[in-house]
Protein chains: 2
Amino acid sequence: MNEMTTRTAFEARLRRIGDERYHDRHPFHTLLHSGGCNINQVRAWVVNRYYYQSRIPMKDAAFLSRVEDPTLRRSWRSRIEDHDGTDTREGGIARWLKLASAVGLDPDYVASARGVLPATRFAVDAYVRYVRDEPMLKAVASSLTELFAPKIHADRIAGLLEHYDFASPEAISYFRHRLDEAPKDVKFGLGWVLDHAVTQADQDAAAEALTFKTDVLWAQLDALYSAYVAPGRIPPGAWQPGEGLA
Amino acid sequence: MNEMTTRTAFEARLRRIGDERYHDRHPFHTLLHSGGCNINQVRAWVVNRYYYQSRIPMKDAAFLSRVEDPTLRRSWRSRIEDHDGTDTREGGIARWLKLASAVGLDPDYVASARGVLPATRFAVDAYVRYVRDEPMLKAVASSLTELFAPKIHADRIAGLLEHYDFASPEAISYFRHRLDEAPKDVKFGLGWVLDHAVTQADQDAAAEALTFKTDVLWAQLDALYSAYVAPGRIPPGAWQPGEGLA
């Protein structure tokens, strides 16, 4: 194959990983987006997904800490700003806490990360460490689940607005903003991976990293489903319905 | 309280964590020990629990790598030998692979750790990193789940022998040996923690470490239950019944 064909085939390989393993295929999301969750299942999702959100800027800082090239650092830094905010712009974490308020949770409780499922912590912490410790190519490639995010965010916005009383435009502003932010990030990340994954071994490593990341996302939903949907066994110490209400 | 009372109360606090959160209380173990598992559920447990076993000597090596005192290193080193074996003595990992053969799995497949649930990896890897990165007191305290292990091993030996055709004395020799090995380890570890957890903050840290470890064990069984019992949804890429057979 010539160089362009290889690049196209490699991108197709990455996209296939999303088709097969991205967490839009998980039944918890079907339940959530179709209005099948009760309020406590929505709250459990908000409590646990907060932990993931809260670790994303730490993950991106771990990445920045390894980058020698100021241009790459500058491009990547906007991800931290998108989540943490700036003096003039609210960030994604603050928006997530608005969602927490909208579903009746005390945002301070959610921000404390008490009650987060241990399995959520283990999965998310594994992701932060992966980006800190693995080769740069794998660190960048692990972010490419954002390739598959726009559809799930669009489905979520529509599903939440249609099915749940709490879902005002303010409550779900996190997702609307991600629809604007994610495309620039993923365009940059995908271009970087396609440019740097030159050998077959590089491409295998990038595919492995993206697969790892789909596991991180899937494991969070499995844990949520197990604890709060079926069999509905909440592990010792994790959030119980009724806790952390505003 | 005088010093002895404090020590006794602290030990009672640690034991209470086991009473409330140790994984002998998890329904997967009830199922396993009562003969309620089908052969594929037993195999899934063998595949996944192998990953935990395989990381224990790595965890203990991470601990050794931090210890300055040769006497403490010498005491702790037997844990690695117990799992990895010596020139004249079989280790726990080899015994676990005998269990794998007994349940019809290819021991090379099990040893490859392919098919291990991502949630198992995340939990176990979190434990290895905890022992590598956290203060020494917490690293030692996290091993104290062994306080609660003899009962679960005795129940397991009796339950497996009574209910499953594969359960020969050879097949379950791992557990018999743990009954001999664990008491010396835990006597040493408990004594060390009681000696070194002097302040209230120390005791809180040790209790937190033991709680963390109970989460590591519980999360593994939750993931196993979710994938292979109920709802029985196997995550992408994880072991499927029929795979890895001898």
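At what angle do the axes of helix H3 and helix H5 of chain B cross? Roughly 175 degrees, for H3 at residues 39-64 and H5 at residues 92-102, and the axes come within 10 Å. The axes are lines fitted to C-alpha atoms, for helices over the stretch in contact, with angles from 0 to 180 degrees between N-to-C directions. H3(B) and H5(B) are therefore roughly antiparallel, the word for angles over 145 degrees.

Some housekeeping. This is a predicted model, where local features need pLDDT of at least 70, side-chain atom pairs count only at pLDDT 80 or more, and totals for chains, interfaces and linings use all residues. Residues are numbered from 1 along each chain as its sequence is written, and chains are lettered from A and ligands numbered from 1 in the order written. Helices are DSSP runs of H or I, at least four residues, numbered from the N terminus.

On the H3(B) side, Val46(B), Tyr50(B), Gln53(B) and Ser54(B) make the contact (C-beta atoms, placed from the backbone, within 7 Å); their partners in H5(B) include Trp96(B) and Leu99(B). The residues of this contact are six nonpolar, three polar and no charged; Ala, Val, Leu, Ile, Met, Phe, Trp, Tyr, Cys and Pro count as nonpolar, Asp, Glu, Lys and Arg as charged, and the others, Gly among them, as polar.

Conventions. Helices (H or I, at least four residues) and strands (E, at least two) are DSSP runs, numbered from the N terminus. Angles under 35 degrees count as roughly parallel, over 145 as roughly antiparallel, 65 to 115 as roughly perpendicular and the rest as oblique. Two residues are in contact if their C-beta atoms, placed from the backbone, lie within 7 Å.
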